[in-house]
Amino acid sequence: MSEPTSDISVHEARAGLEEAARARRAVQSGERRYWFAYLGSAGIAILILFPLIGLLPVGGGSGAVTTAWSAAIGMIVSYGASRRLVRRRGRFARHAVIWATWALVYGTALAVGVAFFRGQLAYWLPMAVVVSAPLLLGAWWASRP
Amino acid sequence: MGVAAVTATAGDPGAGQAHPRHRLDAVIHAPMRLSIMATLAAADRAEFGFVRDTVEVSDSVLSKQVATLEAAGYIEVCNGYVGKRPRTWLSITAAGRRAFEDHVAALVAIAGPGDARP
């Protein structure tokens with residue numbers, strides 16, 4: 001054991017703990033902005049584009065909308081990754097759950113809609129909200145401590 | 001107000017000694033390095049600029065402290081690119097996390113009742 005190098009008071013110990021807590025809050029805050037920008041923009045993109053997939057006729061723009069939507073998500077994911085400055089510990093699992101939930105909801109809503117409700121506004125508009133919900137709620141969930 | 005002495009060094013947490021000051025880590029004890037370690041402990045990894053802004057130091061000062069922590073085996077530095085832009089990522093090692101947690105536990109013990117672990 002080495003000789004004492006400096007003294008530490010109760011006040012200094014508390015200051016150290018406060019600094020550690022402040023740093024943790026800074027990480028949380030930095031990630032919160034990222035999650036809202038990333039998942040929020042993805043959720044809004046699907047909210048706008050999802051109804052168009054079912055409302056536009058096959059061969060009359062439906063495929064183009066699907067392509068545009070895929071490109072938009074790809075760009076959002078890529079841009080989000082480039083702008084992400086900090087990756088908070090333990091967020092990977094939440095991220096995976098959010099996208100897995102979205103994929104399940106999206107796939108089910110799309111399959112049912114294409115099979116039974118093509119062109120019906122009453123189905124595709126509410127379903128756009130349902131399909132975008134995992135991403136929009138996920139932005140809130142992922143940013144929580 | 002009680003005063004304890006920092007006696008431990010990196011990799012020598014003072015195991016087996018009763019007073020919490022023996023569990024303080026001399027490498028982490030420096031305020032700036034404590035801030036860096038606290039930031040990285042809360043993250044899987046953080047970009048150099050983010051840590052610099054969080055700790056509120058210049059690039060050169062952070063580089064020096066990062067080198068000290070890296071030499072102690074407490075953090076890892078990874079250089080890469082995002083698109084064409086170079087990025088430096090910092091992350092805490094398993095040994096660094098253990099050392100930080102032990103250090104914080106010692107601070108809590110010294111600070112006394114009412115101070116929870118951050």
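Tutor: Start with Val131(A), which sits in helix α4 of chain A. Keep in mind that this is a predicted model.

Student: Is Val131(A) buried or exposed?

Tutor: Buried, because 24 C-beta neighbours lie inside 10 Å. The cut-off for buried is 20 or more.

Student: What does Val131(A) touch, leaving out residues up to four places away in sequence?

Tutor: Ile46(A), Phe50(A), Val105(A), Tyr106(A) and Ala109(A).

Student: And how far is Val131(A) from Ala23(A), C-alpha to C-alpha?

Tutor: They are separated by 36 Å, and lie 108 residues apart along the chain.

Student: How do α1(A) and α4(A) pack?

Tutor: Their axes come within 8 Å and cross at roughly 170°. The pair is therefore roughly antiparallel. Angles over 145 degrees count that way.

Student: What classes of residue make up that contact?

Tutor: For α1(A) with α4(A), 20 nonpolar, 6 polar and 2 charged.

Student: What about α3(A) against α4(A)?

Tutor: Helix α3 of chain A covers residues 91-116. It packs on α4(A) at about 175°, with the axes 9 Å apart. So α3(A) and α4(A) are roughly antiparallel to each other.

Student: Which residues make the contact?

Tutor: From α3(A), they include Trp102(A), Val105(A), Tyr106(A) and Ala109(A). From α4(A), they include Trp124(A), Met127(A), Val131(A) and Trp141(A). The contact of α3(A) with α4(A) divides into 14 nonpolar, 4 polar and 2 charged residues.

Student: Still in chain A, where is Val65(A)?

Tutor: In helix α2, residues 62-83. Val65(A) is partly exposed, because 18 other C-beta atoms lie within 10 Å.

Student: What are its contacts beyond four places in sequence?

Tutor: Val65(A) meets Leu49(A), Leu52(A), Ile53(A) and Leu56(A). Its C-alpha is also 9.7 Å from that of Gly54(A), 11 residues apart along the chain.

Student: Switch to chain B. How many helices and strands?

Tutor: 5 helices and 4 strands. From the N terminus, the order is β-α-α-β-α-α-β-β-α.

Student: How much of chain B is buried?

Tutor: Buried residues make up 42% of its 118 residues.

Student: And what share of the contacts join residues at least 24 apart?

Tutor: In chain B, 43% of those between residues at least 6 apart in sequence.

Student: At what angle do α2(B) and α4(B) cross?

Tutor: Roughly 75°, and the axes come within 10 Å. That angle makes α2(B) roughly perpendicular to α4(B). Met32(B), Arg33(B) and Ile36(B) of α2(B) make the contact with Gln65(B), Thr68(B) and Leu69(B) of α4(B). By class, that is 3 nonpolar, 2 polar and 1 charged.

Student: Which residues touch the most other members of the largest nonpolar core?

Tutor: Met37(B), Leu40(B), Ala46(B), Tyr74(B) and Leu107(B), out of 41 residues in that core.

Student: Which elements give two or more residues to this core?

Tutor: From chain A, α1. From chain B, α1, α2, β2, α3, α4, β4 and α5. The largest share, 8 residues, comes from α5(B).

Student: Where's the other core?

Tutor: It lies apart from this core and has 19 residues, among them Trp35(A), Leu39(A), Ala109(A) and Met127(A).

Student: Tell me about α5(B). What does it span?

Tutor: α5(B) has 18 residues and reaches 25 Å from its first C-alpha to its last. That is close to the 26 Å expected at 1.5 Å a residue. The buried residues of α5(B) include Phe100(B), His103(B), Val104(B) and Leu107(B).

Student: What comes just after α5(B)?

Tutor: Gly112(B), with a positive phi of about 90°.

Student: Which residue other than glycine has a positive phi?

Tutor: Glu56(B) is one of them, with phi near 65°. Most residues other than glycine have a negative phi.

Student: Where does Glu56(B) lie?

Tutor: In the loop between α3 and α4 of chain B. Glu56(B) counts as exposed, because 10 C-beta neighbours lie inside 10 Å.

Key: Residues are numbered from 1 along each chain as its sequence is written. Chains are lettered from A and ligands numbered from 1 in the order in which they are written. This is a predicted model: local features need pLDDT of at least 70, side-chain atom pairs count only at pLDDT 80 or more; totals for chains, interfaces and linings use all residues. Axes are lines fitted to C-alpha atoms, for helices over the stretch in contact, and angles run from 0 to 180 degrees between N-to-C directions. Angles under 35 degrees count as roughly parallel, over 145 as roughly antiparallel, 65 to 115 as roughly perpendicular and the rest as oblique. Two residues are in contact if their C-beta atoms, placed from the backbone, lie within 7 Å. Ala, Val, Leu, Ile, Met, Phe, Trp, Tyr, Cys and Pro count as nonpolar, Asp, Glu, Lys and Arg as charged, and the others, Gly among them, as polar. A nonpolar core is a set of buried Ala, Val, Leu, Ile, Met, Phe, Trp, Tyr and Cys residues joined through C-beta atoms within 7 Å. A residue is buried if 20 or more other C-beta atoms lie within 10 Å of its own, exposed if 12 or fewer, and partly exposed in between; C-beta atoms are placed from the backbone. The expected span of a helix is 1.5 Å times one less than its number of residues.
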